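Dear colleague,

Please find the structure below, handed over for your own work. My notes on it follow.

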Amino acid sequence: MGNPPLRLDRCGLVLLHLFLRTLQESGAGHIQYSVPEETDKGFFVGNISKDLELEPWELSERGVRIISRDRMQLFALNLRSGSLITAGRLDREELCETLSSCFLNIEILVEDTLKIYGVEVEIMDVNDNAPSFQEAEIEIKVSEHSTLGSRFPLPSARDPDVGMNSLQRYELNPNSYFSLQMRGGTDGAKNPELVLEGSLDREKESAHHLLLTAFDGGDPIHQGAVAIRVVVLDVNDHVPKFTQSVYRVSIPENLRSGTRVLIVNATDPDEGINGEVVYSFRNTESKSSEIFQLDSQTGEVLIRGALDFEKHRFYEMEIQAQDGGGLSTTAKILITVVDVNDNAPEITITSSTNSVLENSPPGTVIALLNVQDQDSGENGRVSCFVPNSLPFKLEKTYENYYKLITTRMLDREQVHRYNITLIATDQGFPPLSTETHISLNIADDNDNPPTFADSSYSIYIPENNARGASFFSVMAVDLDSSENSQITYSLVEDTLQGAPLSTYISINSNTGTLYALRSFDYEQFRDLQLCVTAQDSGKPPLSSNVSVNIFVLDQNDNAPEILYPTLPTDGSTGVELAPRSAAPGYLVTKVVAVDRDSGQNAWLSYRLLKASEPGLFAVGLHTGEVRTARALLDRDALKQSLVVAVQDHGQPPLSATVTLTVAVADSIPDVLADLGSIGTPADPDDADLTLYLVVAVAAVSCVFLAFVIVLLALRLRRWHASRVLQASGGGLVGVPASHFVGVDGVRAFLQTYSHEVSLTADSRKSHLIFPQPNYADTLISQESCGKSEPLLLTEDSAAGLGNLDSTNNQQAPPNTDWRFSQAQRPGTSGSQNGDETGTWPNNQFDTEMLQAMILASASEAADGSSTLGGGAGTMGLSARYGPQFTLQHVPDYRQNVYIPGSNATLTNAAGKRDGKTPAGGNGNKKKSGKKEKK
């Protein structure tokens with residue numbers, strides 16, 4: 001009966017395997033037992049384990065149980081002995097009522113194989129009921145003129161037992177007037193009748209007392225008796241007569257109480273009271289009297305109780321019609337109950353599972369159910385089905401049993417739970433249906449590997465990232481559930497530059513977060529490829545990989561590197577040659593630099609940061625080419641020092657500098673003659689730069705103090721001379737005004753001393769540079785009429801500025817513009833930063849010193865003598881600094897002053913109103929006395 005087990009592609013489906021073993025089974029064996037009624041609880045019915053070919057102990061292991069509806073209280077299984085026993089008292093008359101044979105059908109289910117066995121138990125009748133009459137005493141009225149042989153019907157006894165235990169015979173007590181005879185009925189039963197054997201005489205005996213006894217055939221024999229009283233009446237010639245001896249009617253079971261079933265009619269031609277007929281039930285079962293009632297006057301049979309086709313399908317009743325004279329007759333009423341579709345089908349879940357593994361093969365058994373309808377005929381024919389939208393169907397197995405199976409493989413990721421609706425519909429009109437629901441969970445199978453949102457990831461990380469910091473997270477999704485969806489992340493082993501990948505990158509196995517174990521360097525590697533594996537915890541585990549591309553972004557962490565010129569390693573100084581005949585734009589050299597960064601961080605720009613001769617050379621912004629900006633002159637120094645800065649375009653920008661030494665000469669001997677002064681001592685012990693610096697500062701300080709002392713002496717001398725003139729008492733009154741030279745302007749000279757020390761930590765050579773003084777001269781003149789015209793004098797002037805204009809012999813009044821702010825006051829270059837742009841002195845002492853020098857010089861010019869030597873109008877400076885520093889007559893030196901070393905000139909208000917623009921200083925003027933100082 002069993003089929004070979006199905007081959008499963010997957011393991012672990014033990015429960016489903018047990019279900020599938022009975023997929024093709026259509027039924028099981030039929031077992032019959034018999035048991036007498038009225039037995040006690042626990043009475044042995046049959047050895048069910050033997051008939052099922054099982055051992056008694058297997059009943060509990062294999063889940064053998066009774067599943068019959070409405071019979072579970074009558075029988076039970078003894079799991080120890082393996083026998084079927086009674087669960088209580090059995091009463092055949094209660095269970096089967098009037099049926100001659102009483103059979104009870106139950107079903108036995110073997111749970112593990114889902115096999116059903118039908119068991120039929122016959123309830124054997126025992127003589128436990130005695131015959132009984134409905135009435136304790138009956139009365140029969142008989143006319144005294146009744147003819148011999150007249151028959152009078154007697155009530156029948158009722159015995160619920162069957163067979164020999166049922167009613168077998170009647171006996172009438174012996175008497176002289178009546179005898180007992182039996183009359184066969186339509187149903188085969190024998191009804192007793194009283195037969196008149198002797199003539200009656202009312203006057204002799206008005207009543208006769210008889211006893212009717214009924215006997216069954218059981219052992220022992222039971223009996224029941226009823227008393228009969230025969231009343232002798234006067235003459236009543238006619239007996240009531242029914243229109244039909246048997247009344248047959250069919251009624252539906254759904255008639256309401258009070259509904260008329262039929263009308264019986266009996267007539268009596270007698271007159272008066274002898275013609276009045278009264279109807280009554282005779283020999284009627286108690287249930288019939290409960291369902292029907294009879295109107296004694298009209299003969300209407302009405303419904304009193306509820307009809308139920310499933311309980312009683314047929315009723316037989318006897319009706320008696322009796323006139324007022326005591327004569328009576330009887331008729332039969334046969335009522336057939338017609339079934340009505342008033343019972344909906346019933347669905348009973350016999351066995352089911354609430355979970356099934358996904359990917360189970362089609363035909364997997366989900367549940368076993370029983371469908372019944374208490375109606376009969378078409379009303380009891382039931383069809384059961386599952387909606388087509390669900391992947392399930394029903395197959396009939398045994399009688400009214402169905403199994404619910406799958407029609408295809410289930411996928412938990414699509415539907416994780418099914419609410420299966422089972423519908424049972426009968427064939428009645430109108431059809432009735434019933435629904436029941438089965439909730440089925442789809443158990444997860446590890447059939448889905450983890451999946452990433454993208455097939456690959458591209459990550460951009462700036463270099464110099466922090467070690468141990470997270471920079472990205474990958475996430476995979478597993479559609480399975482529970483352990484099958486728990487994902488563990490890992491990196492596929494690989495190497496990078498000879499080192500394991502795990503030394504560069506690590507991953508959190510639970511979250512998929514990537515961490516950088518090293519600080520990445522764009523210059524070492526620009527990209528990194530790794531593979532991340534996501535594996536679930538199922539059995540067997542499934543995994544998937546994703547490619548992660550890490551791109552390192554360049555940061556501006558490398559300063560430009562100077563490739564050319566390089567610092568010589570032989571102790572000499574690299575020198576570039578520039579002939580004096582070079583035209584503007586002549587390519588002297590080219591600075592070559594590279595940057596290890598990339599992109600904008602590697603874009604380099606060049607600029608001239610510092611030059612010993614500003615304006616002489618220019619550097620290409622993008623090429624680094626050093627070219628002459630103008631023609632070289634004879635006064636240009638042989639050695640030119642250039643500082644070129646190379647800067648990238650990163651944020652923040654980084655730069656590097658290189659110092660170029662350019663030798664200006666037309667021939668090699670000129671260069672060699674001057675290289676001795678350029679070289680540095682080979683032995684660092686011979687060059688004590690600190691000592692040189694101290695000596696230079698001390699020398700400058702001494703010169704400055706000497707200058708202050710001389711200036712104070714000049715002030716005292718002028719003061720003394722003015723006192724002598726006042727003491728002379730106007731000795732100069734007769735002298736013409738033109739003989740006085742008014743010093744309304746001054747040629748101011750400032751010498752800037754700049755000390756630049758270049759020290760390096762990794763070089764044994766140092767440079768101490770004393771740049772040549774930078775001179776700036778401005779000669780300012782102003783006519784007495786208010787016309788102001790500044791005059792710019794360069795050092796190239798070969799002759800003096802000429803004599804003072806004798807026509808202007810009146811000194812202009814002081815101008816308020818002379819009062820400058822602290823930032824505009826003149827001072828020595830020693831108090832400044834030494835750049836090419838001069839600024840005013842920032843202390844009061846320097847200012848007063850400059851004013852004293854100017855006033856003393858003006859006094860000397862007026863006297864026609866100079867303590868410093870030199871001709872008139874030179875302020876005594878020509879003998880020391882040369883003829884180019886001669887003094888021009890300027891109306892008012894306080895109204896237009898040039899700031900030495902600066903491009904700014906302060907002018908008076910009148911000059912501004914006239915729109916005159918003061919001449920600025922020339923930053924590219926040649927430095928005087930350079931060759932002499934060398």
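Which residues does Asp323 touch, not counting residues up to four places away in sequence? They are Asn236, His238, Pro240, Asp268, Asp270, Ile273, Asn274, Glu276 and Val277, where contact means heavy atoms within 4.5 Å.

This is a predicted model, in which local features need pLDDT of at least 70 and side-chain atom pairs pLDDT 80 or more, while totals for chains, interfaces and linings use all residues. Residues are numbered from 1 along each chain as its sequence is written, and side-chain values use heavy atoms, with hydrogens and water left out.

Asp323 lies in strand 22, residues 314–323 (strands are DSSP E runs of at least two residues, numbered from the N terminus). Asp323 is buried (under 20% relative accessible area, with a 1.4 Å probe and protein chains only). It has no salt bridge (a side-chain nitrogen of Lys or Arg within 4 Å of a carboxyl oxygen of Asp or Glu). The nearest side chain of opposite charge, Lys141, is 8.1 Å away; Lys and Arg count as positive, Asp and Glu as negative, and His and the chain ends are not counted. The Asp323 side chain does reach two backbone nitrogens: that of Gly326 at 3.0 Å and that of Leu327 at 2.7 Å.

Gly46 belongs to strand 2, residues 44–46. Gly46 is buried, its relative accessible area being 3%. Tyr33, Ser83 and Leu84 are touched by Gly46, residues up to four places away in sequence not being counted. The C-alpha atom of Gly46 is separated by 7.2 Å from that of Ile85, 39 residues apart along the chain.

Kind regards

Conventions. Helix = DSSP H or I, 4+ residues; strand = E, 2+ residues; numbered from the N terminus. Buried < 20%, exposed > 50% of the residue type's maximum accessible area, 1.4 Å probe, protein only. Polar contact = N/O pair within 3.5 Å; in protein donor to acceptor, adjacent residues only side chain to side chain.
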